[in-house]
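I opened this entry to look up aromatic rings and how they pair. My notes follow the structure below.

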Amino acid sequence: MPASPKLSDFVELAAAEYLRDTGRVDLDARWITAYFADCGVLEAYPRQDPVAFSALVQKALDARADRAGKVARRHLERIGRIARRLDKP
């Protein structure tokens, strides 16, 4: 019998799929409810609370948004440094 995925795997998959489907970071309650029921979370973890699962997915989405923001700021800083070097006579 194959081992079921860990709850954290379900959370990361849900966050990735939600970002891919919607492009948003604010989790939609209807979307996560459908995901919870349709994607095997309920079968693998029958005692898991859908509200708690939703909170875990929202936390993963927030972490992804923070990482993306940090990467974007780093790139902008790099572009700014290069632009300043090019502007110097």
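I count rings of Phe, Tyr and Trp (its six-membered ring) as a pair if their centres lie within 6.5 Å. The model I am reading is predicted.

Entry: the cluster. I looked up which residues group together, and found that Tyr18, Trp31, Tyr35, Phe36 and Phe53 form one aromatic cluster.

Entry: the pairs. How many aromatic pairs does the structure hold? I find five.

I took Phe10 and Tyr45 next. Their ring centres are 6.2 Å apart and their planes stand at 90 degrees, so I note this pair as edge-to-face; the angle is over 60, the cut-off for that label. Phe10 sits in helix H1 (residues 7–22), while Tyr45 is in the loop between helix H3 (41–44) and helix H4 (50–87), so the pair ties together parts that lie 35 residues apart in sequence.

Tyr45 is partly exposed, at 25% relative accessible area.

Entry: a stacked pair. Tyr35 and Phe53 also form an aromatic pair, with 6.5 Å from centre to centre and 5 degrees between the planes, and I note it as stacked. Where do its two members lie? Tyr35 is in helix H2 (residues 29–38) and Phe53 in helix H4, 18 residues apart, and the pair links distant parts of the chain.

Tyr35 is buried, with a relative accessible area of 6%. Phe53 is also buried, at 0% relative accessibility. Tyr35 and Phe53 both belong to the aromatic cluster noted above.

Terms used:
Residues numbered from 1 in each chain as written. Predicted model: local features only at pLDDT ≥ 70, side-chain atom pairs only at ≥ 80, totals over all residues. Heavy atoms only, no water. Phe/Tyr/Trp six-rings, centres within 6.5 Å; stacked < 30°, edge-to-face > 60°. Helix = DSSP H or I, 4+ residues; strand = E, 2+ residues; numbered from the N terminus. Buried < 20%, exposed > 50% of the residue type's maximum accessible area, 1.4 Å probe, protein only.
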